[in-house]
Structures are given as structure tokens and as C-alpha cells.
Amino acid sequence: MMVLNNPPRKTLGRCLLVLLLMLGSELTLAEEALVSALREIAIPLGAPPDLSPLIERIAPARVVLLGEASHGTSEFYSLRAEISRDLIAEHGFRFIAVEGDWNALYRLNRYVKGYDQDATSAREIMRTFERWPTWMWANEETAALIEWLKTYNAKLPAERRVGFYGLDVYGKADALRELPASMAAIDAEEAEWLREQYAPFDALVDDTRAYVLSLQRGEDGLGGNARAVVERLREQRDQLEIDAAEYLHLKQMAWVVKNAEQHYGGMAGRGPESWNTRVDHFYQTLERLLDFYGTDAKGIVWAHNTHVGDARATDMARQQRRNIGQLAREGLGPEQVAAVGFGTWRGRVLAGSAWAAPMERMTAPPAAPDSIEAAMHAAGDGEDLLFLFDASVPAPLRQPHGHRAIGVVYRPEREVPGNYVPTVLPRRYDAFVFIHETEALTPIPAR
């Protein structure tokens, strides 16, 4: 057997491409053009990764959206944490909002701001997380960021401390329980009224599927109760003797219940309503946080690529589905938003084989041959790469190509074509981080 004497990596990669051609596994002309276009603009990240070109590009934005190709990949979390630390410490960003539950993550917000004197560590709080998939936010990578935030905030006055919040519409059970309890310490009469409005939800909290089926049968839902609470809190703002942070917390819990109700109601139909209700809740929560922190505030969002990359650059637009990336560009202006996608060629990932199934450490196989990730693999010859997009990107990148998306439910053996989203990459993101081979998150087990 012939052995090469350690040729340079790029030379070896090009030799392998030529060998593939000779063996009959040649790239199509379109794939060759895409590889060439990517190679033209690729910036090697190096080891450790040099993120300074990316930071320079995204720091001027008011909102930075940091994506991920899965909810269980270590490098995506670690790199987003590194980027976030730089944006906070060097560029004045005031909060991080992630694709997680408001109530559960508000405990971390109180911890990093020094308001929770009982919790001794981020891990202690994370061990209380119960809603599946717990590994999304109960993991060592996030815990390291939370501890950094706590240390960073300790040097700042209370009004300048950086926050950490959940954007998602899920976690309704926590909100139903905690909103009346929080109000009880402020106004006992209002707390009792809240309990009366929320009492009919008690039988539904633990069986969402049965509730959705009842809506499909035409039975009345509880949307009226949820809307009444939102209106009541709005009307009572001046009478409640609480500060802006506490009012934001109360109001957001009410919105979680209302929008979760609408989200589940949308599941009774077959259109985009359920998806769009959840997305609208994401963006409205982001708007409330920007308003809370002030007109000059800058914020960071962590969510799946499917949420942060502009939906109009994918087939989601044909399905009439929107996302945070689209809404932020439309609402704030594209110059105020920087969307960064993340992807990999292959690796390990945490996921479940079905909803609420046990967590597994799965292997994500090499990306499909005609995908963006496969082209990046060929363009980088095994290197980690950064791509910055502008109006001058080569023409092949302005065409749609399959782009891998792995969710909390994942079946690697079935990922083609279902896990690939047709995408015009430079229209979907302002930048893209490609990690050639990735590792799974390190979960923190529940207590």
C-alpha cells in the first residue's frame, strides 16, 4: 500500500477530490462551482479559533443572532459563548436571550445579577430543570458562560448588569404556577383573581395532546382567560408597587400562558399558525427586552439556525412561515441585525429518537453529498472555516442548496432529505461558522 509522506493538508484535500473524480464519484458542475465559490471567500478559523474578523463584522449591530445546526453540539455552544463574552465585555451588549423557557431561565438571570442568594452555582439551578429536553440549557458549556456572567456582573452597578433570559413559548406550567405566587407577595387580592382565571388550566397542564385533540373537536379553549390576565396586568401597572424588572417578569409570564394557548390552538389546524405564533412570541419577547434595557440597548439571541437565519432565504417562505431573523430585519432594519449561522460536516450530538425519548449521544454522519456542508468540507480540506457575506459573493452562493438542520428529535439514518433545508446562504445569514467535526454537549444531570 502506498503511503503519502504527510503532504500539506490543502494539497492532500485537492488530491482526494481529483481521486474521487477518477473513481467516478465526481462532483457535478454545480457542486464544483459551489466549492470553488466557498474556497474563494473562506477564512480559516485556526486552532484556537480566531473570531476577530467575525466580531468586527457583527459588533456594530443592535441585535446579534447566533444560530446552531443542532441543539446538542458542544462547539456551537462554546463558540457562541466566546462571541457573547466579547460582545458584552468589549462592545456593550446588555443581555443574552436564548431558545428556552422564561421561568426556568429567569432563575439563571437572578443568579447572574446577584439577586438569588440561595443558589451556590449555575449547575445547582440547572439541576432543577425538568422540561424535556433538559440538556439544551442544563449543560457544562452553558454553565461556564453563566458563571462568567456572574463574575462579570459583580463588578457593575445593579442597573448595568447583563441579563440572561428565555425566549420560548413553552414552560406554560411554570408560568401558570409562578405568576399567582409572585403576585401574592405584591397584592393578595390580585393574586386570588389570577388563581381564578388560571384554575381551569389545571386539568390541561399535564396533557397537552388531549387538549389539542379537544380543540380539534371544536371544544372551547381557554384563550379568553389567558387574554384577560394580560389585559389586567396592563391595566394594573400603575397600581402595582413594583419596579420595572419585576413587572417585566410578571408580564412575560402572562404572555407565555396566552401565547402558549394560541400556539397549542394552532396545532389543531394544518397551517403555519402554530409555528408563527411561537416565532412571534420569540420576537415580541426580544422587543420587550430591548425596551426594558433602553433605547440604545444591544442584545444577543441564541437559537437554532431555523430561527435566526432569515426565513425568506429558505422554503419556509413558500410555507408562509416566518422566523426571528426575518422579523428582526423587517422590524429593526437589516443594518441593525447580524445573523450568524453555524454548521458541521459530521460529529456527535445529543438528541432523542422521539419527542420526550431518553437523551442519546448520536453520530451525525458526513453531510449529504450535494449539501452546503459537504461543499464546505471540500472547500476547506478538513479545516474549520468562517464565511463573511456581502453583496459581492460569488454567483453559485446565490443559488439554493441543501443546508442541514438537526432538532432535539433526530434519526440519523433518516436525515436525507428531511433534515436539509433549501437555503440561499448569504441571504439567510450575514456570516457562517463551519466546524468540520463536532462533539456532543456535556449534560448536567437532574438532581
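A residue counts as buried when its relative accessible area is under 20%, as exposed when that area is over 50%, and as partly exposed in between. The exercises below apply this to a predicted model.

**Exercise 1.** Determine whether R329 and its salt-bridge partner D310 are buried or exposed, and state where the two residues lie.

*Solution.* Begin with the pair itself: D310 and R329 form a salt bridge in which the closest N and O atoms are 3.1 Å apart.

**Exercise 2.** Work out which parts of the chain are joined by the salt bridge between R131 and D101, and classify each partner by its accessibility.

*Solution.* The closest N and O atoms of R131 and D101 are 2.7 Å apart. R131 lies in the loop between α6 (122–126) and α7 (140–153), and D101 in strand β3 (residues 95–101), so the pair connects parts that are 30 residues apart in sequence. With 35% relative accessibility R131 counts as partly exposed, whereas D101, at 9%, counts as buried.

**Exercise 3.** Carry out the corresponding analysis for E190 and R232.

*Solution.* The side chains of E190 and R232 meet in a salt bridge with an N to O distance of 3.0 Å. This pair links distant parts of the chain, since E190 is in helix α9 and R232 in helix α11, 42 residues apart. E190 counts as buried at 9% relative accessibility, and R232, at 24%, counts as partly exposed. For context, a search of the whole structure finds 25 salt bridges.

**Exercise 4.** Describe the geometry of helix α8 and identify the helices against which its buried residues pack.

*Solution.* Start with the length: α8 (residues 172–184) has 13 residues and reaches 19 Å from its first C-alpha to its last, which is close to the 18 Å expected at 1.5 Å a residue. Then examine the axis, which has a kink of about 25° at E178, shortly before the proline P180. The buried residues of α8 are K172, D174, A175, L176, L179, P180 and M183. These buried residues pack against α5 (102–112), α9 (188–198), α11 (223–235) and α12 (244–266).

Note on methods: Residues are numbered from 1 along each chain as its sequence is written. This is a predicted model: local features need pLDDT of at least 70, side-chain atom pairs count only at pLDDT 80 or more; totals for chains, interfaces and linings use all residues. Side-chain values use heavy atoms; hydrogens and water are left out. Helices (H or I, at least four residues) and strands (E, at least two) are DSSP runs, numbered from the N terminus. The expected span of a helix is 1.5 Å times one less than its number of residues. The bend at a residue is the angle between axes fitted to the seven residues ending there and the seven starting there. Buried means under 20% relative accessible area, exposed over 50%, partly exposed in between (1.4 Å probe, protein chains only). Contact means heavy atoms within 4.5 Å. A salt bridge is a side-chain nitrogen of Lys or Arg within 4 Å of a carboxyl oxygen of Asp or Glu.
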